[in-house]
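Hi,

Here's the structure I said I'd pass along.

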Amino acid sequence: MAGHSKKYNVIDLETGKLDPRIFSDNDIYQEELEKIFGRSWLMIGHESLVPKVNDFFHTYMGEDPVILTRDSKGTLRAFLNMCRHRGARIVHTDIGNAKNFFCAYHGWTYSNEGKLEYVPGAEEAYYGALDRECLGLVEARVNTYAGIVFGNWDAGAPSLEDYLGDARWCLDVAFNRLDSGTEAIGPMKWIEPLNWKTAVDNCSDNYHVPTTHLASILAQGRQFGIPRTTHEQQFQSPNKHLFINGHSLTMRFLERPDQARQMHGVTQDNRAMFEEYYRATQSEAERRLGVVRASQLQLGNHSLFPNGVLGLRLAHPRGPLETEFWHFVVVEKDMPNELKRALRMGSGNYNGVTGLFEQDDMDNWRSVTRSSRTPVARKYSQDLSMGIGRAGSDLDFPGVVSERYTSENNQRNFYRRWQEFMNAKDWREIPIEPITAEFGGTAEMNG
Ligand code: FES
Ligand SMILES: [Fe+2]
C-alpha cells in the first residue's frame, strides 16, 4: 500500500486498479475514524427531528455517540454522549426533550448548553477543588444546509458551505426547492455485514442497475407501469455523472417540468397528483433555483463525502466489516399528506430491510467486502478502469463530468479523495475547490 512517499496509494488513477484491503483491514479502519470521520462534515440529522426548544435526537459521528439538541435558547448543538467524569453514556434513548442531561452513574448533571452544572459532593467529596468549567460536554461544530444538520469535530475544517461547494448546485434541486423547506421521516435502521465504502461507491454505479436489479425492475414494471431500465438506455443516456468537490452525484433530465421528481412511491394511481403538485409549486421553485434547475433537472443517486448516501441516509461505520444504516425519507413540508405517505411507502418498498432494491445491493456489497479479507482474493486489485480519460468540464454543469452516465470516474475520484484525507496531516493539506457555479436563484444555504 505504501508504494510512494505518501502512506496510502490505494488507487491508480491511470489504470483504475484499487487495493481491496481498504475494505477489511482493521488498522486502516481505525485510521479512517480519525482522519476521515474526525475531520469531515458528517450528516447527523435534520432540523425537523428537534423542532422544539430542549428537544434532542441521539445520533452518531463515525462510531462516536452524539446528542443533537436544540438548547434552551433554540441553538442547535451536538455533544459527545459521554460523561466527563468516568466516561459513561449520559443519554440512553433515541429521542426526547430535556433541559439537562443527567449521568446515571454518579449523578453529574449538564445543561443542554453543555455546561457541567451539578456534581454531587462538589464541596464535601471534592473539597471544592473540581474545575467544573473545564468539564463541560465535548462539543462538535454544527451547521445546516436546507434543514439537514451536519457536525464536525475539527476546528480547522472549512465551513460547511465551502465543504459542500458546488455540489449544492445539484443538491438544491431536491432539498432546497421551496421556501417552506423539508422534513425528515424516519429513520429506518438496519445493520449490514459490509464495509461502509462499498455503499458510498455504489451511489455512482449506474452500470449495475440493469443487471443487479433486473428482477426488481421487472416486478416494478408490472406493478407500477415503469419502463424497464436497460444497459443500452444507460449507455446512451444524456443524464450526468459528476464529481464535485469530493462528492459524487448524478443528475437526470426531466421529460416535462411537472414530472414527479421522486424515483420511489410514484405509481399510475398517484402520478397525476404528483404532477399537479409540481405544477402548483413550479413558479416558486423557479424563483429559488432558476429555470434550468427548477424545471429541467432531478437529482439522481448521490453520496456526500464521506458517508452521506442517497439523500438523507446515514451510513454509520461499525468496524471494517459492518455498517449501520439510518434511512430517512425527506419530503417537502407543505406537500399533501397523501403524497408524503406515498413517498414513505415507496421508500420502504425500495430501501432497507423490506426494500427489493436494497436486498439486491446488499448481496453485492457484502460479497465485495468478504473477498477483500481472504488471503488469496485480497492480493488481486479491483478494476475501476471504466471511462478513464473520458471526463472533464462541462459548460452547463459544475465539477468533473463523465462523458457517459455509466462511468467509474466518480468512484475513482472517491477513493482519491479518501486517500487525500488519509495522507493529510491536517486540513491544511486537504484541497478544496472554490465555489464557481452560477446558482441563478434566491435559494441559499438555509432558506
Ligand atoms: S461517570 Fe458520569 S457521573 Fe460518574
Ligand atoms: Fe443498486
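Before the notes, one term: by a nonpolar core I mean a set of buried Ala, Val, Leu, Ile, Met, Phe, Trp, Tyr and Cys residues joined through C-beta atoms within 7 Å. Also keep in mind that this is a predicted model.

With that in hand, the largest nonpolar core has 94 residues. The members that touch the most others are M43, I44, V66, L68, I148, F150 and C170. As background, nonpolar side chains in soluble globular proteins tend to be buried together.

Now the domains. The chain is assigned domain 1 (42-143) and domain 2 (165-429), and the core above takes at least three residues from each of them. Their C-alpha centres are 34 Å apart. Where the two touch, domain 1 puts in seven residues and domain 2 puts in 10 residues. On the domain 1 side, those residues split into three nonpolar, three polar and one charged.

Last, a bit of sheet to look at. There's an open sheet of three strands, ordered β7-β8-β9, and the pairing is antiparallel. β7 (100-102) and β9 (116-118) are the edge strands, each pairing on one side only. From one strand to the next, the twist averages 35°. Strand β8 (residues 109-111) pairs with β9 over two bridges, and Y110 sits opposite L116 of β9.

Cheers

Note on methods:
Residues numbered from 1 in each chain as written. Chains lettered and ligands numbered in written order. Predicted model: local features only at pLDDT ≥ 70, side-chain atom pairs only at ≥ 80, totals over all residues. Pairing = 2+ DSSP bridges. Helix = DSSP H or I, 4+ residues; strand = E, 2+ residues; numbered from the N terminus. Axes fitted to C-alpha atoms, helices over the stretch in contact; angles between N-to-C directions. Buried ≥ 20, exposed ≤ 12 C-beta atoms within 10 Å, placed from the backbone. Domains from an automatic or database assignment. Nonpolar A, V, L, I, M, F, W, Y, C, P; charged D, E, K, R; others polar.
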